[in-house]
Amino acid sequence: MRSFLAAFFVMLYAPIVTLVAFSFNDSKRNIVWRGFTTKYYAKAAANESLIEAFANSLTIAAVNMVASVALGVAAAVLLWRFRFPFRHAADGMMSLPIVIPEICLGVALLVFFNQWWPRDLAWPLSLGNIIIAHITFTFPFVAVIVRGRLASVNRELEKAAMDLGASEWQAMRDVLLPQIRPSIIAGALIAFTLSLDDFVITYFTAGPNSITLPVKINSMVRFSVTPEVNAASTVLIVITVIAAVLAMRFQTARRA
Amino acid sequence: MTRRALIEVRGISKHFGREKAVNDVSLDIYDKEFLVLLGPSGCGKTTLLRLIGGFENPTEGVIRMDGRDIAALPPNKRPVNMVFQSYAVFPHMNVRDNIAYGLRIDRVAAPELKRRVDEAVSLVQLDGLETRFSHQLSGGQRQRVALARALVKRPRLLLLDEPLSALDAKLRETMQNELVKLHNTVGITFVVVTHDQDEALSMAERVAVMESGGIRQLDTPRNLYEAPSSRFVADFVGRMNILPARPAPGGDGRYAVDGLGEIAAASGSGAAPASFAAIRPEKLRIAAPGAAPSDAGAHSAEAAVENVSYYGGQTVLSVCVAVGVNLTVATPNSSRNAVAPSVGERVTVWWRGEDVILLGE
């Protein structure tokens with residue numbers, strides 16, 4: 001049993017550990033260990049197009065996070081609060097982007113934006129279509145997470161607040177929001193992570209002037225997997241892992 | 001005694017689709033009274049409460065408070081507060097902040113807020129628990145928070161939706177007494193919804209018995225129990241022997257009842273023409289055949305004991321007085337040595353003529 005578990009973790013993490021380890025390897029090739037160095041991080045940091053891609057990625061992820069949270073929380077609260085015709089259908093439709101194969105969504109978005117999205121926009125507007133694409137597949141995650149939390153919220157709480165004199169907005173702010181805040185933060189971090197490391201959908205929607213970090217890494221790998229790629233990948237891993245751990249913490253946070 | 005009506009409900013209806021949850025109800029709620037809405041689940045009592053509280057808009061009808069129409073006012077604009085069935089204590093606020101919430105919304109100045117919250121805390125005896133959170137409180141304490149939170153707003157009318165249903169039996173009895181005491185202390189009109197008739201009878205000044213969206217009888221607990229106006233009320237409130245009654249051949253307001261023989265319509269004993277005769281189990285007396293107990297009435301019937309259930313304080317018998325006619329008899333165990341008849345024994349059942357109630361359909 002123990003050895004099985006050990007094998008399981010080796011399978012899971014050996015590639016990642018290797019990738020991170022070789023980002024510190026003092027060699028041009030990822031084959032033999034030649035000693036510890038951080039020079040490839042410096043090299044990556046000096047690579048202007050890599051840094052530009054990284055800045056693009058962070059910008060997209062940040063804007064996407066804000067928009068996804070706004071949309072996702074609104075959708076979750078509306079679906080929880082109101083009964084209306086086709087509510088269950090709307091509920092299902094909303095989570096469709098989660099299960100649709102990414103490649104299909106990527107092609108669909110490519111065709112969609114090709115019709116009317118203007119080229120040669122100034123930064124950061126040039127990232128607009130990628131941001132919109134990311135919102136379509138990340139906001140359902142926010143909605144699903146927030147709805148999970150809402151399911152355990154007592155509907156009488158808001159009514160009690162209104163009974164005590166609060167307006168609908170005050171009741172939402174003072175009573176509902178504190179109840180679902182951990183799930184909102186968790187959803188935001190997940191939206192950020194998903195956007196930051198998305199490749200497939202971004203690959204289809206990115207133009208030549210709007211490259212993101214995963215797309216850039218992909219194009220670098222085409223020539224050769226240098227430790228510089230490892231270094232860039234490691235940075236990406238660290239950011240996403242931190243965000244994911246935080247997200248999980250907020251999601252399982254106990255109610256005060 | 002005529003009392004001033006605080007709330008006048010006139011012809012109010014609430015339909016959910018085709019279902020008529022509340023159907024053409026008119027009702028006066030007096031100032032400072034303790035009114036209970038009693039009924040089986042689905043009778044519309046909670047909907048009526050929510051209509052008064054402003055959480056539902058009536059399909060038809062008017063609700064006036066002090067003569068002013070309030071049907072269009074949202075809950076946060078009514079001088080009415082509610083204690084919810086789940087108590088709805090805000091889980092992210094401590095007891096003190098829960099109680100202060102309504103006053104903060106009203107922007108009550110800090111010194112007055114503090115004074116009123118302190119007052120409310122000691123009114124419901126939550127002293128020392130002010131910094132606790134909902135999950136650190138017992139069910140009874142949560143209810144006190146909900147009460148204090150509503151009362152601190154000094155409403156004209158306090159609505160309580162099944163306030164005791166979440167508590168265990170012992171605590172429920174204590175809280176019944178406390179609610180009545182609280183009502184006497186604060187001098188606010190209480191309207192309580194419950195499906196528990198013991199609760200209704202013990203707390204209320206008046207009880208409205210509801211069934212399928214309408215009020216069947218609105219009366220004092222005593223009248224409700226001793227002079228129910230319909231078969232439904234007689235059956236729903238307390239235990240009741242209900243037997244079909246036919247006009248006796250001789251006429252003159254007498255009725256023939258299987259098992260009880262011929263009975264006269266006593267004055268004030270309900271509807272004419274009657275279809276049913278009813279008598280409470282504790283108003284029947286059991287004695288050995290031929291012997292009359294000291295407090296027996298003028299009427300008797302021979303019977304065979306079919307079932308005996310011992311409840312501690314009383315023993316409940318099911319006796320057969322005629323083929324297919326069974327009466328439930330409750331005898332108090334007023335002595336430790338009281339001996340109940342055993343199953344199969346023949347007994348005589350005695351009752352007073354005035355204890356028989358005649359009921360319409």
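This is a predicted model: local features need pLDDT of at least 70, side-chain atom pairs count only at pLDDT 80 or more; totals for chains, interfaces and linings use all residues.
Is Arg156(B) buried, partly exposed or exposed? With a relative accessible area of 31%, Arg156(B) is partly exposed.

**Figure 1. Chain A is built from 12 helices and 0 strands.** Read from one end of the sequence to the other, the pattern of chain A is α-α-α-α-α-α-α-α-α-α-α-α. The C-alpha trace of chain A spans about 70 × 55 × 30 Å along its principal axes. Of the 256 residues in chain A, 40% are buried. Among the contacts of chain A with a separation of 6 or more, 73% come from residues 24 or more positions apart.

**Figure 2. Val142(A) is a buried residue of helix H7 of chain A.** Helix H7 of chain A comprises residues 128–150. The relative accessible area of Val142(A) is 1%, and the residue is therefore classed as buried, the limit being under 20%. Leaving aside residues up to four places away in sequence, Val142(A) touches Ser68(A), Val69(A), Gly72(A), Val73(A), Gly187(A) and Ala191(A). The view also includes Met65(A), which is 77 residues from Val142(A) along the chain, with 9.4 Å between the two C-alpha atoms.

**Figure 3. Helices H2 and H12 of chain A pack at an angle of about 80°.** Two packed helices are described by the angle between their axes and the distance between the axes. Here H2(A), residues 39–46, and H12(A), residues 227–251, have axes 8 Å apart. The two helices are therefore roughly perpendicular to each other, since angles of 65 to 115 degrees fall in that class. H2(A) contributes Tyr40(A), Tyr41(A), Lys43(A) and Ala44(A) to the contact, while H12(A) contributes Pro227(A), Glu228(A), Ala231(A), Thr234(A) and Val235(A). By type, the residues of this contact comprise 6 nonpolar, 1 polar and 2 charged.

**Figure 4. Helix H8 of chain A is largely enclosed by the rest of the structure.** This description of H8(A), residues 156–163, applies because 7 of its 8 residues are buried. The buried residues are Glu156(A), Leu157(A), Glu158(A), Ala160(A), Ala161(A), Met162(A) and Asp163(A). Within chain A, the buried residues of H8(A) pack against helix H3 (48–81) and helix H9 (168–196). From chain B, their partners are strand E6 (80–83), helix H2 (95–105) and helix H4 (139–151). Gly165(A) follows H8(A) and has a positive phi, near 115°.

**Figure 5. Chain A and chain B bury about 1,900 Å² between them.** The size of an interface is often given as the accessible area lost when the parts come together. Carbon and sulfur atoms account for 60% of the area buried between chain A and chain B. The contact involves 20 residues from chain A and 24 residues from chain B.

**Figure 6. Asp66(B) and Arg156(B) form a salt bridge that links distant parts of chain B.** Their closest N and O atoms are 2.7 Å apart. Asp66(B) occupies the loop between strand E4 (60–65) and strand E5 (68–69), and Arg156(B) the loop between H4 and strand E7 (157–161), the two residues being 90 residues apart. Asp66(B) is partly exposed, at a relative accessible area of 38%, and Arg156(B) is also partly exposed, at 31%. Both residues belong to a network of salt bridges in which Arg4(B), Asp31(B), Lys32(B), Asp66(B) and Arg156(B) are linked.

**Figure 7. Two further salt bridges of chain B pair Arg96(B) with Asp118(B) and Glu226(B) with Lys283(B).** The N to O distance between the side chains of Arg96(B) and Asp118(B) is 3.1 Å. Arg96(B) lies in helix H2 of chain B and Asp118(B) in helix H3 (residues 110–123), 22 residues apart. Arg96(B) is partly exposed at 24% relative accessibility, as is Asp118(B) with a relative accessible area of 28%. In the other pair, the side chains of Glu226(B) and Lys283(B) meet at 3.0 Å, N to O. Glu226(B) has a relative accessible area of 33% and is partly exposed.

Definitions and conventions: Residues are numbered from 1 along each chain as its sequence is written. Chains are lettered from A and ligands numbered from 1 in the order in which they are written. Side-chain values use heavy atoms; hydrogens and water are left out. Helices (H or I, at least four residues) and strands (E, at least two) are DSSP runs, numbered from the N terminus. Buried means under 20% relative accessible area, exposed over 50%, partly exposed in between (1.4 Å probe, protein chains only). Contact means heavy atoms within 4.5 Å. Axes are lines fitted to C-alpha atoms, for helices over the stretch in contact, and angles run from 0 to 180 degrees between N-to-C directions. Angles under 35 degrees count as roughly parallel, over 145 as roughly antiparallel, 65 to 115 as roughly perpendicular and the rest as oblique. Ala, Val, Leu, Ile, Met, Phe, Trp, Tyr, Cys and Pro count as nonpolar, Asp, Glu, Lys and Arg as charged, and the others, Gly among them, as polar. Buried area is the accessible area (1.4 Å probe) that two parts lose on being put together, summed over both. A salt bridge is a side-chain nitrogen of Lys or Arg within 4 Å of a carboxyl oxygen of Asp or Glu.
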